[in-house]
There are 4 protein chains.
Amino acid sequence: MIQKLNVACAGLGRMGARHALHFLEKTPRAELVAAYCPAEAESEITWFNQRLAPFGVKLYNDYDEMLKHPKLQAVVVATVTTVHAEQAIKAIEADKHVLCEKPLSTSVEISQSVVDAANKKPHLKVMCGFSRRFDASYRDAWNRMDNGSIGRASVLRSQTCDKLDPSGFFVEYAQFSGGIFVDCNIHDIDLALWYFGQDSIVKSTYAVGITAVQPDLRKYKDVDNGVGVVEFWGGKIAYFYSSRIMAAGQHDMTEIIGTEGKLTVNANPLGTLVEMSEASGVRREIPPHYYGRFAEAFVTEATEFTAACLDSTKLPFKLTGAVQAVKIGCALQESLNSGKKIEFDETGRRIEKAAL
Amino acid sequence: MIQKLNVACAGLGRMGARHALHFLEKTPRAELVAAYCPAEAESEITWFNQRLAPFGVKLYNDYDEMLKHPKLQAVVVATVTTVHAEQAIKAIEADKHVLCEKPLSTSVEISQSVVDAANKKPHLKVMCGFSRRFDASYRDAWNRMDNGSIGRASVLRSQTCDKLDPSGFFVEYAQFSGGIFVDCNIHDIDLALWYFGQDSIVKSTYAVGITAVQPDLRKYKDVDNGVGVVEFWGGKIAYFYSSRIMAAGQHDMTEIIGTEGKLTVNANPLGTLVEMSEASGVRREIPPHYYGRFAEAFVTEATEFTAACLDSTKLPFKLTGAVQAVKIGCALQESLNSGKKIEFDETGRRIEKAAL
Amino acid sequence: MIQKLNVACAGLGRMGARHALHFLEKTPRAELVAAYCPAEAESEITWFNQRLAPFGVKLYNDYDEMLKHPKLQAVVVATVTTVHAEQAIKAIEADKHVLCEKPLSTSVEISQSVVDAANKKPHLKVMCGFSRRFDASYRDAWNRMDNGSIGRASVLRSQTCDKLDPSGFFVEYAQFSGGIFVDCNIHDIDLALWYFGQDSIVKSTYAVGITAVQPDLRKYKDVDNGVGVVEFWGGKIAYFYSSRIMAAGQHDMTEIIGTEGKLTVNANPLGTLVEMSEASGVRREIPPHYYGRFAEAFVTEATEFTAACLDSTKLPFKLTGAVQAVKIGCALQESLNSGKKIEFDETGRRIEKAAL
Amino acid sequence: MIQKLNVACAGLGRMGARHALHFLEKTPRAELVAAYCPAEAESEITWFNQRLAPFGVKLYNDYDEMLKHPKLQAVVVATVTTVHAEQAIKAIEADKHVLCEKPLSTSVEISQSVVDAANKKPHLKVMCGFSRRFDASYRDAWNRMDNGSIGRASVLRSQTCDKLDPSGFFVEYAQFSGGIFVDCNIHDIDLALWYFGQDSIVKSTYAVGITAVQPDLRKYKDVDNGVGVVEFWGGKIAYFYSSRIMAAGQHDMTEIIGTEGKLTVNANPLGTLVEMSEASGVRREIPPHYYGRFAEAFVTEATEFTAACLDSTKLPFKLTGAVQAVKIGCALQESLNSGKKIEFDETGRRIEKAAL
């Protein structure tokens, strides 16, 4: 009979609930055995009772207790960003495989501490959940690039743009998110590291931004529209756009420009394959949220993480990249606020300018 | 604990294997307990041993024996078309729910015999697998139409077009397929019945066709490109195109034209969301086969069929429609070969013209 | 100094006014010297006085008088369809080149009489204005086909679809238009003759139609949505759709399916290159009328007609094709009304079935 | 009779020849009376003799002599950039209207001298040829924005990307072009000034670039891929991309992001309306050069310039904007080479940082 990976899901918020269902329903080689959420999270607990309890999943209100579940082999960390690192490290120390939602932390040092913990347990699989790495379209583009179809990849443009949310949600959220470059563009930065190569060394970062709709973001040193430019040593440039004000819906897209061609991912976002011809023209709707774009990628993520744990095979990318991505995201966020370009030497070490 | 539906899959060919995996891996409320394939189907048996046996699925080489599996509650019939009806009827008689691949049969009478058998067991769920009924895009279009967004649906154009296959496969296949209008356009006919209403009465059928690439199809009274026109009583027209010679890949599309707007489903087929800009222009690839377009719909089909069986809820459409679709498909195929328009009275009864 | 062709424009209605301006302003080798419109056409005369008179164009209220203009070399016939043939023949007899708007006539015999008149004056250029023949996209597609890029062209689908006009205009218009297959699909039929070869022989025609929006069309034996199927000898099929009820605007499109590929012209209509992303999705507007799609083709038509007259070079297509197109259009219209398929022998002669 | 504007065209190179033909053939209210090109420009003179001489246009090899043509009223300056300003000023001093190709100069000061000269002759129409201002799609987008359809325009992204030209042309060209931000992105900068308002004040500029294909560009302090970011006072951001390495062809596009919507111009470039479905997928070709995209805009430019001269009406935009555009372009080019952000105070005056 088939051997299954026994998984727990920490956090049952928006993304946690999705992870739980993916492991429960769509990952044939995994068994969801436990879930954690704080005792006060009433709506999550109700949801758990309806959706997970009937399948025999056990609920914990204490993360440390959950780690003691006798059959537990792997933990998905999908709680708030501020506890990602702490919970990931505890799980590693308890000898569990870990799939941690992005980012590991909004701090480079704390992110690095997860890597350090993982390095002490090389038999464990520890992964940061950069979902786009599992997306069929991004993989298709990467494979085409890898096959030489665009020559040498030289410029990457990538954007993560959220649907306008007039509720003020993004203002509250900005308190803990690390800022738009760490929260949104972290994905695009990770794409640059993927497409340009994991060993790419950042040379400079520069960012500007505005609060077009939500001036209160300034309280938390954040913006609702940001443009960031990153140079890499070796003659490569990535430039990023992030926004919280897209009227039509989520629009995450990327283009990779090489010396012999260009690859574009999701230039024309679409929801279903339906187009409406009506008196006002031809129209299509687009997904309102990232999950409408990346649902399948999350399932692939769960499936491949499970296989790597069970079969002791390599994960598709290294955990250290997650620290690089946070480092670049934080440098962009700092540049946004200081108005200054930040430079790095050829080893990636920051160049501090005495006079400034 | 959750109650699961115990399912068997009859047939492990191309589509059977997919159905088996959908019920095994992607239908949380179902348990795949058994499978059937003939003793001589070596490659299917090898596949079974690798993919299904480890999960405890039991293999039968005798369909009747499989029906005796003690826990069995439902059967997926995914064998060759010629035995669909017989196996479906046997399963019904053995008191099993049935999901039967389309078409029930290439004969109207035999198709009707499945309906007759099902009518005797109203507690059973018996469904013909018109996968497009479960496709998110077709459902989106239908809901928009139902909400009145295009006024009164009046004209439907729909095509099922396969990728060119120079191997001669389609010639051999034509022997049993019932012909291009029954094999391919059956889906489009079913869409017309769905969008125009299940009670639509056919008024006339007319078809023409050519063998552009495979003249040998004529041996089996078939073509590789067909155009069919169907009038419905009440002032509605559907027209269909089917082809076996698409160079780029599968292209199934539909448009529904109403008095106040038009809905189009999959006018611009696409594989992934990647576009390539290269010296020869801007290019995208498209799925080579229908499964690349409808994979998710098949999973939804499995999920909803399972739910209807477990919860005793209504299936999304009636089995009788499957007979109507075959009736229209056969009339188009006959018109193709006779060169004559076929007419029906307002009750849908064929008008036989003495003089002809 | 450059030699210019002296042109007169008969008719200053919607299309006549456009022709006049094309020859006046956008055809460097032509000189618009005269125009004709009936004395009672007040708004046309006002327009003439504003737009053409200042350039020295002379207005006639008598067509025959206009033909006597001393410098006149060529006539554009853009009056109502019912007088096309008569005016074209008079111009030919007066030894003028002729560009006649489509169709020559809604009657095959009268259309043929124009050809007969032209045959007597082989030094004259006489052309029927099938504007799509001058469209850059249709030419691009034709050249690709001619270069072998799709193998052997086998199936052609083409539609001419007008924007919904609730004013009732189309009902009045139907009195003289010859019906939707002669008025709209004449262009698509001409495309079939162009892409399949001018010598293609029609084998059968079949048509159905409905009055989805304007039941009064039935008075004039016309419909607002028509589907027509034409077989050609030699294993080729063309099928057509025409509609008067497009909510979004004009949508004329064509696809040519060959044994090795497919060419599509204007599958996704667009007005400008602007896309709007707004709360309801992503939208583009499309041209409301055919002139928004084909304006440039009309200018090319004027330019090439002028060059052929001045340089005594061949016109891009033969006048006889215009008779073939009317013949097929009329046969479709007849089939629409009789409900019967019409057949032709291998010489294109109609097969009359005694018993029917 | 109609009054016509007598125009001369200075320069008969690629763009000069096009301007000459536009005024000769496609501008009904203009008369091309003269042209200038240097005596040694043999191929231009041959072209003149074939295409312009037959229409009575007079050729000059001395620009000053051309200005003395007795009927001359307006001059199109389409010579090399280095003499634009000098020739424009001479024409102004000779009391001629001027349409000067962009940029006025690659130097801010010299550009300003043209404005100064024009200011002394307020009765003359002096315009810099920003062709996109006359493009139907850009105007459509502007009108929609102006009508409030996207709320407050806040972020503008715009790119000017040339087809890869392996001939080395761009290296030689870089000697005089002013660099990629002045040569290519000048159009995008002008768009920012147009969409954000002509009175927008630049706050900062920042640029990076690489030589992905043509390292020799470094000799002239230029790159083949540049990314520029411009902040405007009042909370607006424009960011630009320019490239000389597009494999598929020219791709100039723009998006304007507002607080309530987004407008995109030419996100999906296309040549004709033909799509090819072939074994490698679905493909379209795109224009190789900017003229394939903007041909019609140039004709509109000629037509509207002519009308403004004849009717003494306002030009659609002010000449001073051309100086602003050069100023921003030069600042981007300087930032590219210095690696430093350049800042401006709220009056647009450059802030010189003593310590740097």
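**Exercise 1. Locate Phe48(C) in its chain, decide whether Phe48(C) is buried or exposed, and list what Phe48(C) touches.**

Step 1. Phe48(C) sits in helix α2 of chain C, which covers residues 42-51; helices here are DSSP runs of H or I with at least four residues, strands are runs of E with at least two, and both are numbered from the N terminus. The model is a predicted one, in which local features need pLDDT of at least 70 and side-chain atom pairs count only at pLDDT 80 or more, while totals for chains, interfaces and linings use all residues. Residues are numbered from 1 along each chain as its sequence is written, chains are lettered from A and ligands numbered from 1 in the order in which they are written, and side-chain values use heavy atoms, with hydrogens and water left out.

Step 2. The relative accessibility of Phe48(C) is 3%, so Phe48(C) counts as buried, given that buried means under 20% relative accessible area, exposed over 50%, and partly exposed in between, with a 1.4 Å probe and protein chains only.

Step 3. Leaving aside residues up to four places away in sequence, Phe48(C) touches Leu12(C), Ala35(C), Ala53(C), Pro54(C), Val57(C), Lys58(C) and Leu59(C), where contact means heavy atoms within 4.5 Å.

**Exercise 2. Carry out the corresponding analysis for Leu72(C).**

Step 1. Leu72(C) belongs to the loop of chain C between α3 (63-67) and β4 (74-77).

Step 2. With a relative accessible area of 5%, Leu72(C) is buried.

Step 3. Not counting residues up to four places away in sequence, the residues touched by Leu72(C) are Asn6(C), Val7(C), Ala8(C), Val33(C), Met66(C), Leu67(C) and Lys96(C). Ala297(C), by contrast, stands 225 residues away along the chain, and its C-alpha atom is separated from that of Leu72(C) by 24 Å.

**Exercise 3. Examine the backbone at Pro103(A), Pro103(C), Lys221(B) and Asp95(D).**

Step 1. In chain A, the peptide bond leading from Lys102(A) to Pro103(A) is cis, with omega near -10 degrees, and Pro103(A) lies in the loop between β5 (97-101) and α5 (108-119).

Step 2. In chain C, the bond from Lys102(C) to Pro103(C) is cis as well, with omega near -15 degrees, and Pro103(C) is placed in the loop between β5 (97-101) and α5 (108-119) of that chain.

Step 3. Lys221(B), a residue other than glycine, has a positive phi near 55 degrees; Lys221(B) lies in the loop between β8 (202-210) and β9 (225-232) of chain B, and its relative accessibility of 54% makes it count as exposed.

Step 4. Asp95(D), although not a glycine, has a positive phi of about 70 degrees; Asp95(D) is found in the loop between α4 (81-93) and β5 (97-101) of chain D, and at 37% relative accessibility Asp95(D) counts as partly exposed.

**Exercise 4. Describe the overall build of chain A.**

Step 1. Chain A contains eleven helices and 16 strands. Its radius of gyration is 21 Å, close to the 21 Å that the globule rule gives for 356 residues, so chain A is as compact as a globular protein of that length; the radius is taken over C-alpha atoms, and the rule is 2.2 Å times the number of residues to the power 0.38.

Step 2. The C-alpha trace of chain A spans about 60 × 55 × 45 Å along its principal axes, and 61% of the 356 residues count as buried.

Step 3. Among the contacts in chain A between residues at least 6 apart in sequence, 73% join residues at least 24 apart.

**Exercise 5. Determine how chains C and D relate to chain A.**

Technical notes
Least-squares fit on C-alpha atoms with pLDDT ≥ 70 in both.
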